[in-house]
Amino acid sequence: MNWKNAGENAFVGWFRALFTEALLSLVGLRYCFTLPFLFFELHRRWIYFFCSPWAISRRFLDQRGELDAQGYGETPLVTLGAVAERLQLSESDTVLELGCGTGRNCAWLSSRYGCKTLGVEQVPQYISIAEKLNARYFPQGQVTFCCEDMFSLDMSAQQIVYVDCTAMSEACIRQVAFLCAGMPNGAYLVAVNANMSELMPERFQTERVFPGLFIWGWSDVRIFSVGPPGVENADIDQANEALVL
Ligand SMILES: C[S@@+](CC[C@H](N)C(=O)[O-])C[C@H]1O[C@@H](n2cnc3c(N)ncnc32)[C@H](O)[C@@H]1O
């Protein structure tokens, strides 16, 4: 289920969303392990208390004439943590987040698991705020943000990609599948509310599917390995070497 097919009364939905947001923020507190992330998060919430990210996204999409489009949503840390544990993220990893919103996921993954993160986002206001917070709380350069259309990216070197497709149209999800098909064999794609192996079975193999908690309820989180079906890791290494040569 997601907000597009929940079909509930808008007023009830607003209160339910507010209650769930408060609850998830409370639960999220136990994920604020490090002081830099705690300060980053408090500062981020303070800024967006005055200009809601939902409203910013709405304005951005209205200006582009996408009047019916849903643009924003956040992955709760409890769900992001479940993804990171399944991927066994470590300091040697680099994670690309497609549509990173306000940048909190990138900051958290980096501070919790020591990995490098790159967040790409189309809304300039999110990125300018994220960059300021990043420079202040994560000056070591582990976290990078970039204001760009995700579909202009070169994916050939990306080993781990996270994308929340909840607010995307079917056509847009298809485009994401095409984009991520350009990742190297053996890479991992994590997608919320999108079954990439159904769209491109020749390129994405489902590794894990599990329910992730979101503000609107539970949604399917899928981890795909990139590559043709039935290829073992040794073959993938050889195929990648052949590509490099
Ligand atoms: C549902 S939000 C997810 C935010 C964040 N990834 C999270 O899970 O908390 C989707 C984000 O993708 C961004 N987005 C959508 N299409 C995009 C595109 N073509 N290029 C870059 N960002 C895009 C939206 O602006 C929005 O911030």
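Predicted model: local features only at pLDDT ≥ 70, side-chain atom pairs only at ≥ 80, totals over all residues.
Q: Is Asn185 buried or exposed?
A: A residue counts as buried when its relative accessible area is under 20%. Asn185 has a relative accessible area of 13%, so Asn185 is buried.

Q: Which side chain does a polar contact join to that of Asn185?
A: A polar contact needs a pair of N or O atoms within 3.5 Å. The side chain of Asn185 has such a contact at 2.6 Å, and the partner is Arg203.

Q: Which polar side-chain atom lies 2.8 Å from a nitrogen atom of the ligand?
A: Let's turn to the ligand. Among the residues that come nearest to the ligand are Glu97, Glu121 and Asp149. An oxygen atom of the ligand lies 2.6 Å from a polar side-chain atom of Glu121. The polar side-chain atom at 2.8 Å from a ligand nitrogen belongs to Asp149.

Q: How much of the ligand's area does the protein bury?
A: Besides those side chains, a polar backbone atom of Gly99 is 2.7 Å from a nitrogen atom of the ligand. On its own, the ligand exposes 600 Å². The part of this that the protein buries is 93%.

Q: How many residues of the shell around the ligand are charged?
A: The ligand sits in the second largest pocket, with 20 residues around the ligand. The shell has seven nonpolar and seven polar residues, and its charged residues number six.

How values were computed:
Residues numbered from 1 in each chain as written. Heavy atoms only, no water. Near = heavy atom within 4 Å. Polar contact = N/O pair within 3.5 Å; in protein donor to acceptor, adjacent residues only side chain to side chain. Areas by Shrake-Rupley, 256 points an atom, 1.4 Å probe, with all protein chains shown as cover. 1 Å grid on protein atoms, 1.4 Å probe; cavity = no way out; pocket = protein on both sides within 12 Å on 5 of 7 lines; lining within 4 Å. Sits in = over half its atoms within 2 Å of the grid points. Nonpolar A, V, L, I, M, F, W, Y, C, P; charged D, E, K, R; others polar. Buried < 20%, exposed > 50% of the residue type's maximum accessible area, 1.4 Å probe, protein only.
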